[in-house]
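Thank you all for coming; I would like to take a few minutes to walk through one model, chain by chain. Please have the display open while I talk.

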Amino acid sequence: MSERMTRPQIPLEEGVITPGSTCQGCGAAMAARLTFKVMGPNVIRHGIPCCPDQSSKSPSTGSVFEGGGPCLTGTARALKALGRTDIKAIAFFGDGGTYDIGFGGLMSAAQRNENVFVVTKDNEAYMNTGGQHSGGSPKYAETTTDAVGPNSRGSPVHKINAAFAFAAMNIPYIATASVAFPEDLMAKVKYAKDIEGFRILLIQSPCPVGWRYDPAKTIEVARSGVQSGIWPLYEIENGSSFKLNYKPKELKPITEYLKPQARFRHMTETEVNEIQVYTTAKWEKYLKADELKQIVF
Amino acid sequence: MIEIRLHGRGGQGAVTASRIIAAAAFEDGRYSQAIPMYGTERRGAPLTAYVRIDNVRVRERELVHTPDYSICFDEFISMNQIIANSLKPGGVVLANTKFKAEELPLAGDIKIATVDATGIALKHLGRPITNTAILGAFAKICPEISMKGVEKAIYKYFPGRIGDMNIAAARASYEQVSELVPAINKEAPKEVVEIVSGGYGALKDVSGWRVFEPVVDEEKCIGCKNCWIYCPEAALEWTANNKPAMISRSCKGCGVCANECPVKAIEMKRVEVKKK
């Protein structure tokens, strides 16, 4: 499990070239900046079609949506053949490339336990192309393909729990992080960097344009997501050991997370209650797993 | 046929404005067409949109190359010659700026009108979305469009309370727009940074993206590094005396730093546009 990091330990040097071409207050840009601060220069970055967050100073390569996993596998095996264990193959994908289109490729890379590190910036829809529904879209969120009207109430399904889907593959390391907790995020990147095998980090990165809130509130929204239990911060090692990194004494009501975002504006009280019950029930399970220090299947 | 070119930034509603103008002309019983031009534009990046209005059906489908009117939604782009380029002789430029029409560094056989649309938008909408705030001014200087049509079209796109706010902004700019003045300059000043791309990689400059910029009160600052670590663009440099300082070319003016400062030592102040 990752060790705690403090503010003075954060390196001053940047791993990305700023400014990028993201929107104002972009969560994904923050995620990229924090990740590559810790990763250092010896990485080969892989990308798939997604929002142009910060370009890193390390070499990078791009592929198609479905090609994320195979492309990473190729790089990792080539590095092994060359004997360059100091260079890491790292992916910086969006939620579409991890949760639905790219899922197959990544899943088989996980099954083969390739020596790659996948970082996902999860903004809960295909924001690059205008906010279409992805596997990461939460229930009742309005996207451009889940309209709100008499016959539709936004996204009809719950978000994919990708971390547990990968945990079922018994891979060495899985973690979730949020841009509102930079020390936690960077500690996890630092720990995952040197593990041998397939490891994945899911970062929730709010999108002011797609989630429709004031760009200044990016961190506020991300923080309330963690504090209300919508996006719990945890680590899973070898598919079983479990640790919850952030445990508030009491969860905040989810309205604090939903209210600033105009994509949830249409929700009725019953719908909010439904999400509250769903979130609390899940949180209880996480707490139990944390107590046992492992996931029981 | 009259052709209109709109210059704006993503998030200012230039594309919506092009649709509103086309809809307003349609409400007046004419044929119209709105064309947005997208690249990889995001919120904050410069973009253009086009409108055609005619008494007969508009058959053309290509971009507008020599417009009669050019409307600029952004204060920084208003200081740039690109908004006056390739206009028809005697063409009209409507710029969003605090300066008077005579003071703008634009050149050519053009007429200029100005209005402080950002100020109007901040007053009526509380946000620097300047599209409807400039449409009222356009209805005044352009005889082809009526204010009634613009109001109808705004209601069509923003029904209810938001529509009322936008119409108030449009009416205010209808009152405040300056007279049309011929351009005095014969030659345009040379550009230092190309406005459209703003440079690439390490040379990229986004200083024109922001409407508000962070001003640090070093007396109040406790040196917690919150603003520095939460800045998406690494636009706050950590100086030797343990205080943050803004890197002008990197800051996009999102306001995250001011929002996250625990002692409120950072204030977002409206950027003063200076003449070159």
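Let me begin with a convention, namely that two strands are said to pair if DSSP finds at least two bridges between them, and that helices (H or I, at least four residues) and strands (E, at least two) are DSSP runs numbered from the N terminus. What you see is a predicted model, in which local features need pLDDT of at least 70 and side-chain atom pairs count only at pLDDT 80 or more, while totals for chains, interfaces and linings use all residues. Residues are numbered from 1 along each chain as its sequence is written, and chains are lettered from A and ligands numbered from 1 in the order in which they are written.

With that in place, in which sense do strands β4 and β5 of chain B pair? Strand β4 (residues 69-72) and strand β5 (residues 91-96) of chain B pair in the parallel sense, over 4 bridges, and within this pairing B:Ile71 has B:Leu94 of β5(B) as its bridge partner. Both strands belong to an open sheet of 7 strands in chain B, which runs in the order β2-β3-β1-β4-β5-β6-β7 with mixed pairing. The edges are taken by β2 (31-37) and β7 (181-182) of chain B, and because each has a single partner strand, one side of each is left without a neighbour in the sheet.

Turning to the helices of chain B, the axes of α3 (residues 131-141) and α5 (residues 161-176) come within 6 Å and cross at roughly 45 degrees, where axes are lines fitted to C-alpha atoms, for helices over the stretch in contact, and angles run from 0 to 180 degrees between N-to-C directions. That makes α3(B) oblique to α5(B), since angles under 35 degrees count as roughly parallel, over 145 as roughly antiparallel, 65 to 115 as roughly perpendicular and the rest as oblique. Among the residues that make the contact are B:Ala133, B:Gly136 and B:Ala137 of α3(B), together with B:Ala169, B:Ala170 and B:Ser173 of α5(B); contact here requires C-beta atoms, placed from the backbone, to lie within 7 Å.

Chain A comes to 9 helices and 12 strands, and 52% of its 297 residues count as buried. Among its contacts between residues at least 6 apart in sequence, 69% join residues at least 24 apart.

A:Val148, in strand β7 (residues 148-149) of chain A, counts as partly exposed with 16 C-beta neighbours inside 10 Å. Leaving aside residues up to four places away in sequence, A:Val148 touches A:Glu142, A:Arg153, A:Gly154 and A:His266.

How values were computed: Two residues are in contact if their C-beta atoms, placed from the backbone, lie within 7 Å. A residue is buried if 20 or more other C-beta atoms lie within 10 Å of its own, exposed if 12 or fewer, and partly exposed in between; C-beta atoms are placed from the backbone.
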